Amino acid sequence: MEALAVKPVIKVAALCGSLRKGSFNRGLLRSAIQLSKESVNGMEIEYIDISPLPMLNTDLEVNGTFPPVVEAFRQKILQADSVLFASPEYNFSVTGPLKNAIDWASRPPNCWADKAAAIVSAGGSFGGGRAQYHLRQIGVYLDLHFINKPEFYLNAFAPPAKFDSDGTLIDPPSKERLKEVLLSLLAFTLRLKGQC
């Protein structure tokens with residue numbers, strides 16, 4: 001009897017650019033985690049809280065080591081096969097907390113290199129799209145490989161309601177679009193790892 005092939009499980013680090021508890025973008029990540037458990041086989045998403053990270057200051061690096069909270073964060077990124085970013089748009093760019101997290105993990109050795117990544121965002125009229133474009137530019141230097149399609153921008157304020165009062169995604173078409181992003185990230189990650 002032939003052994004059944006075991007489908008690999010990719011580990012996804014999920015980072016939210018908003019620190020607000022009721023953040024719509026954090027709601028997107030909660031929905032992504034739920035979807036991965038219910039209908040996206042082969043994917044395990046872990047939310048990684050970036051709020052404890054100190055502002056980047058190389059004076060905090062002593063004898064080639066990082067502060068413990070930074071080292072723990074860097075290890076989570078290193079152990080992940082891919083990254084899912086969810087971030088609002090601040091002043092046509094990514095948020096300060098997200099940029100800070102990116103910068104800490106880019107300190108030598110760069111923890112982002114050769115990882116697949118996807119971006120989702122919720123916000124006003126353009127749904128955080130300009131932040132996504134800027135994050136893609138940052139990713140070029142970091143050697144992050146973003147999926148190109150599908151793109152996911154969500155106008156959180158256009159009817160019908162997309163989120164409940166707790167910031168949980170409740171719109172079925174948006175959940176389906178989010179699932180498509182996850183499936184694309186899964187396929188792209190496996191392709192980059194030579195496992196498809």
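Strand E1 and strand E2 (residues 43-47) pair in the parallel sense over 5 bridges, where two strands count as paired if DSSP finds at least two bridges between them. Helices (H or I, at least four residues) and strands (E, at least two) are DSSP runs numbered from the N terminus. The structure is a predicted model, in which local features need pLDDT of at least 70 and side-chain atom pairs count only at pLDDT 80 or more, whereas totals for chains, interfaces and linings use all residues. Residues are numbered from 1 along each chain as its sequence is written, and side-chain values use heavy atoms, with hydrogens and water left out.

A right-handed β-α-β unit is made by E3, helix H3 (residues 96-106) and E4.

Strand E3 (residues 82-86) is largely enclosed by the rest of the structure, because 5 of its 5 residues are buried; buried means under 20% relative accessible area, exposed over 50%, and partly exposed in between, with a 1.4 Å probe and protein chains only. Ser82, Leu84 and Ala86 point one way from E3, while Val83 and Phe85 point the other way, and all of them are buried.

The structure holds 6 aromatic pairs, defined as rings of Phe, Tyr and Trp (its six-membered ring) with centres within 6.5 Å, and classed as stacked with planes under 30 degrees apart, edge-to-face over 60 and tilted for the rest. One of these pairs is formed by Phe24 and Phe157, whose ring centres are 5.7 Å apart and whose planes lie at 65°, so the pair is edge-to-face. Phe24, Phe157 and Phe163 form one aromatic cluster, in which Phe24 and Phe163 are buried, whereas Phe157 is exposed, with a relative accessible area of 61%.

The charged end of Arg20 sits over the ring of Phe24, 5.8 Å from its centre, by the criterion that NZ of Lys or CZ of Arg is within 6 Å of the ring centre and within 35 degrees of the ring normal. Arg177 lies over the face of Phe152, at 4.5 Å from the ring centre.

The largest pocket has a volume of about 190 Å³. Of the 17 residues that line this pocket, the closest to its centre are Asn25, Pro88, Glu89, Ala122 and Gly123, and H1 and E4 each supply at least two residues of the lining. On a 1 Å grid over the protein atoms alone, a pocket is an open set of points where a 1.4 Å probe fits, with protein on both sides within 12 Å along at least five of seven lines, and lining residues have an atom within 4 Å of a point. Grid points are joined across faces, edges and corners, and the volume is the space filled by probe spheres set on the points.

Several backbone features lie in loops. Most residues other than glycine have a negative phi, and most peptide bonds are trans. A cis peptide bond joins Pro108 and Pro109, with omega about -5°, and Pro109 lies in the loop between H3 and E4. Another cis peptide bond joins Pro159 and Pro160, also with omega about -5°, and Pro160 belongs to the loop between E6 and H5. Asn91, a residue other than glycine, has a positive phi near 55°; Asn91 is placed in the loop between E3 and H3 and is exposed, with a relative accessible area of 79%. Asp114, likewise not a glycine, has a positive phi of about 65°, is found in the loop between H3 and E4, and is exposed at a relative accessible area of 54%.

Definitions and conventions
Right-handed = clockwise from strand over helix to strand, strands pointing away.
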